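Hi,

Here is the structure I said I would pass on.

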Amino acid sequence: MTRHHPDSLTLMEYSAGNLSEPHALCIRLHLDKCPHCRSRVDTLDSLGAVMMEEQPKVNVSESMFDSILSRIDSEPAGEPVQPAPPRISALQKLLGENLNELPWKRQLGDVSVLDISEKFPGQSEQVVLQKLAAGGKAPAHTHRGNETTIVLQGAFADQNGVFNQWDFVVLNEQDEHKPVAVGCEDCITLSVLSAPVKLTGRFTRLLNPFIR
Amino acid sequence: MTTLDPKPAKAEGRKDPWSQLLNKVGKHQDREAYHALFEHFGPQIKYYAMANGLASHAEELVQEVFVSIWRRSCLYDWRKAAASTWIFTIARNQRIDMLRKMQRSSAEMLVETEDLWQIPGDNEDEPVTSLHRLMSERRIRESLSHLPEEQVTVIAKVYMENKSHQMVADELNIPLGTVKSRVRLALNKLKVILQDQNV
């Protein structure tokens, strides 16, 4: 179980560039709002730089440098990257401006879900948004495999504490909980399920971290 | 310059020739500096491509990385990252980008690689904590030589061969827990991570 912040090993896999796109998205959304973890990643990026420096070197030719120069010369002059372009976050690109207006599918009681796996073509994970209505409760449940979740809006609480916007949590089969949406907003989370899950029958597996 | 007591961070920054060169490229489009960076980092990036399975695209990756360095150099701020760290993240992102483009059409790419993997210093509101950052790279370099071989091997496979901890365990035929504990021991000794917040 990992709560509130990603652990060092996960950040290292992120820094090395080894995480899948949905997992990297969860980390990135957290980093954008967490200076503490960003500074940990900066240090890990430096470890990557030092590792690269410590490895053997492979000769590069002058002619390669010439072709690089001709590429940069062929670009329209004076058009380097604009400093600090207004950034649209990955989340907005994927989901638009208003999370509340997505085509949510009501599941049980206070819980709605939306599977967004198709936004990550070629990735094997299932990626799911979940919404727990403000003040709503999800039934007690456990988890199968590792499920990485980040809180996108609002907050939820369980016996282990309160999870606020941009908090990061990884749950597995040992983690039984009964989350409640706290505060006056609906709580919306994004979860990445490592193994695709088989949905069976009418009472299908409902989704984490709220219910299954 | 008549300042008697330059700030330590600044003094440290001056000692790093690569950051100075990169700064010149960013500020003045200095081609000599750019060439010096190519001679130093080009061979490292080429090895990186070969180690992680992109051998047949190694030269292409080096080129993409250097074109990207040129384009982005105006955003480089040596107070936010050492040049080698900044260049490592560009190489990493270009590798990911190349693999993504091989696997799907651009219409399927809803998010850019840089939306997912950040280049240090791109975040404007990030405070400048240069001393800490520049020190950490030097400290890592110094303490790496004191680490047991088995720990360095694991870290190299993660960073250079881009193997997950599970893949490293399979390859070395050791339990996943052993790989993780080697990484943790190494990170502790390198003081890369003082303490996980959530244990």
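Let me start with the sheet in chain A. Bear in mind that this is a predicted model. Seven strands of chain A make up an open sheet with antiparallel pairing, and their order is β1-β8-β5-β10-β4-β3-β2. At the edges sit β1 (2-4) and β2 (105-106) of chain A, each of which pairs on one side only. Further in, β3 (residues 111-115) and β4 (residues 126-132) of chain A run antiparallel and are joined by 5 bridges. If you want one pair to click on, A:V111 has A:L132 in β4(A) as its bridge partner.

A helix packs on this sheet too: α2 (residues 21-33) of chain A touches β4, β5 (147-153), β8 (168-171) and β10 (187-193) of chain A. The direction of α2(A) makes about 45° with that of β5(A).

Now for where the two chains meet. Chain A puts 53 residues into the contact and chain B puts in 63. On chain A's side, the elements giving two or more residues are β1, α1 (8-16), α2, α3 (35-54), α4 (62-74) and α5 (90-95). Of these, α3(A) gives the most, with 14 residues. By class, that side of chain A has 26 nonpolar, 13 polar and 14 charged residues.

Last, chain B. An unreviewed UniProt entry places the feature "domain: RNA polymerase sigma-70 region" at residues 37-104 and 144-191 of chain B. Residues 37-104 of chain B are 75% helix and 0% strand, with the end C-alpha atoms 32 Å apart. For residues 144-191 of chain B, the figures are 71% helix, 0% strand and 11 Å between the end C-alpha atoms.

Cheers

Terms used: Residues numbered from 1 in each chain as written. Chains lettered and ligands numbered in written order. Predicted model: local features only at pLDDT ≥ 70, side-chain atom pairs only at ≥ 80, totals over all residues. UniProt positions renumbered as here; feature names shortened; annotations may be inferred. Helix = DSSP H or I, 4+ residues; strand = E, 2+ residues; numbered from the N terminus. Pairing = 2+ DSSP bridges. Contact = placed C-beta atoms within 7 Å. Axes fitted to C-alpha atoms, helices over the stretch in contact; angles between N-to-C directions. Nonpolar A, V, L, I, M, F, W, Y, C, P; charged D, E, K, R; others polar.
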